[in-house]
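Subject: Structure handover

Hello,

Here is the structure I promised to pass on. Please open it and keep it beside this email while you read.

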Amino acid sequence: MCEGNCENCKNQKVETDPKRRSFLSWSVGAINLAVLGGIFTPVIGFIGSPLRQKPKDDWIDVIGQDEIPVGATREVRFKAKVVDGYQTVTREYVVFLKRYPEKIVAFDPACTHLGCRILYKDDQKKYLCPCHGGVFDEDGKVVSGPPPRALTEHAVRIKDGRVFVDRRLTDAT
């Protein structure tokens, strides 16, 4: 009668234990890897998603260069398609274009105080904010009132006699 001390029993244990342990070890490692992958893959995707999105040029043809006389300021409305959540919609935008002899500048119509829509008074050559009395000169600089800084500018590009405006804002200095 064998009690597990004979040569046959010792050889059997030696042969079966490493396979079972190896299998269990690989199984636990695979499960841990799947759990960690399930947790960290969405987190890494969320953190890294802004890096994958490249800012794209958003130049929009708004008006012909010859439609603005030198020294004049003109309010220009244009439409652009924007991605809003999961859908693409068409929105209307407004800029004030001021033509200098050597360039054209586009001012955003939002007051830098609280974002009210400004108005351009051609007879005074000034931008006025009707909400809190902010006044900007024709170059967009603060003349009086509570606005903390000059009007915000949009980048402008002129190509083939057409004026293109970038919807992204740039700070005027």
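Below is what was found, going from the whole chain to single residues.

First, the ground rules. This is a predicted model, in which local features need pLDDT of at least 70 and side-chain atom pairs count only at pLDDT 80 or more, while totals for chains, interfaces and linings use all residues. Residues are numbered from 1 along each chain as its sequence is written, and side-chain values use heavy atoms, with hydrogens and water left out.

The overall picture

The protein has 1 helix and 10 strands. Here helices are DSSP runs of H or I with at least four residues, and strands are runs of E with at least two, numbered from the N terminus. Along the sequence the pattern reads α-β-β-β-β-β-β-β-β-β-β.

Of the 173 residues, 26% count as buried. Buried means under 20% relative accessible area, exposed means over 50%, and partly exposed is in between (1.4 Å probe, protein chains only). The accessible surface comes to about 12,300 Å², and 55% of that belongs to carbon and sulfur atoms. These areas come from the Shrake-Rupley method with a 1.4 Å probe; for residues, only the protein chains shown count as cover.

Now contacts, meaning heavy atoms within 4.5 Å. Among contacts with a separation of 6 or more, 41% link residues 24 or more positions apart.

The helix and a patch

L36 lies in helix α1 (residues 7-52). L36 counts as partly exposed because its relative accessible area is 44%. L36 also belongs to a nonpolar surface patch of about 940 Å², together with I31, V35, I39, F40, V43, I44, F46 and I47. Patch residues have over 30% relative accessible area and no salt bridge; nonpolar side chains (Val, Leu, Ile, Met, Phe, Trp, Tyr) are joined within 5 Å, like charges within 9 Å. A salt bridge is a side-chain nitrogen of Lys or Arg within 4 Å of a carboxyl oxygen of Asp or Glu.

Paired strands

Two strands pair if DSSP finds at least two bridges between them. Strands β2 (residues 73-84) and β3 (residues 87-99) pair in the antiparallel sense over 12 bridges. A80 has R91 in β3 as its bridge partner. The β2 and β3 hairpin has 2 residues between the strands, and G85 takes a positive phi near 70 degrees there.

β3 also pairs with β4 (residues 104-107), antiparallel, over 4 bridges. A hairpin of 4 residues joins β3 to β4.

A loop glycine

G145 lies in the loop between β8 (142-144) and β9 (153-159). Is G145 buried or partly exposed? G145 is partly exposed, because its relative accessibility is 47%.

Best wishes
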